[in-house]
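Please look at the sequence and structure first.

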Amino acid sequence: MIDDWYTVQLANPKAGFGAVGALYSYILSLSGKINVTCVARSNYQATLDEGIHIQSKRYGNIPGWRPHRIVKSVLDASDRPYSYVVVTTKALPQITPASSLLGPLLNPQAATLPVFVMLQNGLNVEKDIYSAVKQLGKGEPRIISTALWIATNIIPGNIVDHSHDERMSIGIYRPEYSPRVQNNVEEAVILQEFVNLFEGTTSPITIYDEVQRIKFRKNFWNATFAVCSALMRYPLPTFFENAVEEQMIPQIRAMMYELLAVGRAMGFDEAALPMDVVEDVVAESTNIFKGTGISHRVSILLDLEGGRPMEVEVILGEVVRKAKELGVDTPRLDLVYSMLSVIQNQFLKNLSPG
């Protein structure tokens, strides 16, 4: 055990210790190299008393698992330095910007700041914390950007339900996209040392010199299949039922071509973002959800059903705003974004103080 290699996992500060945070806290603990501090809220006492019950087709059933330390708030977690801060909250910049959430960990007197790992859906989720760290004058912020493929939910009973799927792509966050950038020595070390924390696990992680194109590709699924599932309030297998597949999938495909047009205008050429991405994402989703009996409900649908704020801005809003900036027409994405924004606005109005 390397005692000074602490990692703080941030759960949803309004809801509790979520599925992604819990699962990756468990995975990181398997290496025996680090101590994991987890921030929770609503399920703090349940996790303290009974632990998290993990039911995973990849990692097995682990009843009553507890992290090294669990605390109620980021302020409580700020009593010691960390090597890594892994952010697994919902990305809701209009409610809790990352710089506000992580404020107690941004110590201007610290000799060095931790590496921030943004394990979140959506685009540009890193820009706020990048700016906040930059303003501290501690040199170039060390931020790892990720694209995560995982099917996991937390269900009643403090249970993390996880299928076999789980993989991560990582790279250094840079504010500007550059298709020919390569990691320098320091950046390569930052990324490799993070990957080394997973030694002894089966968690697949891929390092990229430029990861923004990977995140943009990942958003093809989130900004089409996932958001439409939420808008219609039905899980994805219903998209592939015989009575509606011929109507639904062409519309999903058309939304993806709008995304592709935005990507091209941003500078993602065929090498960075192949046109085949559209058919690839449709085929992948068809293989997963058509006639397979999978009942998984995507996280944005669960948030909508629970009356909780959704990641609309980082999944769709960022794309729509970029399209307008670059003069790209995205009528279908605009429509879905506007509809979900109406629902989101009601959720935001109903948020209780604190």
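The largest cavity has a volume of about 60 Å³. Here a cavity is a set of points on a 1 Å grid over the protein atoms alone where a 1.4 Å probe fits but cannot get out; grid points are joined across faces, edges and corners, and the volume is the space filled by probe spheres set on the points. The model is predicted, so local features need pLDDT of at least 70 and side-chain atom pairs count only at pLDDT 80 or more, while totals for chains, interfaces and linings use all residues. Residues are numbered from 1 along each chain as its sequence is written, and side-chain values use heavy atoms, without hydrogens and water.

**Cavity**

- A search of the whole structure gives one cavity of 30 Å³ or more.
- The lining of the largest cavity is made up of Gln120, Asn121, Gly122, Leu123, Thr146, Ala147, Leu148, Lys215, Lys218, Asn219 and Asn222; lining residues have an atom within 4 Å of a point.
- At least two lining residues come from each of β8 (143-155) and α7 (212-232), and α7 gives the most, with four residues.
- By class, the lining holds three nonpolar, six polar and two charged residues (nonpolar: Ala, Val, Leu, Ile, Met, Phe, Trp, Tyr, Cys and Pro; charged: Asp, Glu, Lys and Arg; polar: the others, Gly among them).

**Overall form**

- The protein has 12 helices and 10 strands, which are DSSP runs numbered from the N terminus (helices H or I, at least four residues; strands E, at least two).
- Its radius of gyration is 20 Å, close to the 20 Å that the globule rule gives for 354 residues, so the protein is as compact as a globular protein of that length; the radius is taken over C-alpha atoms, and the rule is 2.2 Å times the number of residues to the power 0.38.
- Along the principal axes, the C-alpha atoms fill a box of roughly 55 × 45 × 40 Å.
- Of the 354 residues, 50% count as buried (under 20% relative accessible area; exposed is over 50%, partly exposed in between; 1.4 Å probe, protein chains only).
- Among contacts with a separation of 6 or more, 74% join residues 24 or more positions apart, a contact being heavy atoms within 4.5 Å.
- The accessible surface comes to about 15900 Å², with 52% belonging to carbon and sulfur atoms; areas come from the Shrake-Rupley method with a 1.4 Å probe, and for residues only the protein chains shown count as cover.

**Strand residues**

- Ser169 lies in strand β9 and is buried at 6% relative accessibility.
- Leaving out residues up to four places away in sequence, Ser169 touches Ser145, Thr146, Ala147, Trp149, Thr206, Tyr208, Val211 and Ile214.
- Ile205, in strand β10 (residues 205-207), is buried with a relative accessible area of 18%.
- Ile205 and Ala147 are 58 residues apart in sequence and 10.0 Å apart in space, C-alpha to C-alpha.

**Positive phi in loops**

- Asn158 is not a glycine, yet has a positive phi of about 60°.
- Asn158 sits in the loop between β8 and β9 (159-172) and is buried, at 12% relative accessible area.
- Arg233, also a residue other than glycine, has a positive phi near 65°.
- The loop between α7 and α8 (245-266) holds Arg233, which counts as partly exposed at 46% relative accessibility.

Conventions
1 Å grid on protein atoms, 1.4 Å probe; cavity = no way out; pocket = protein on both sides within 12 Å on 5 of 7 lines; lining within 4 Å.
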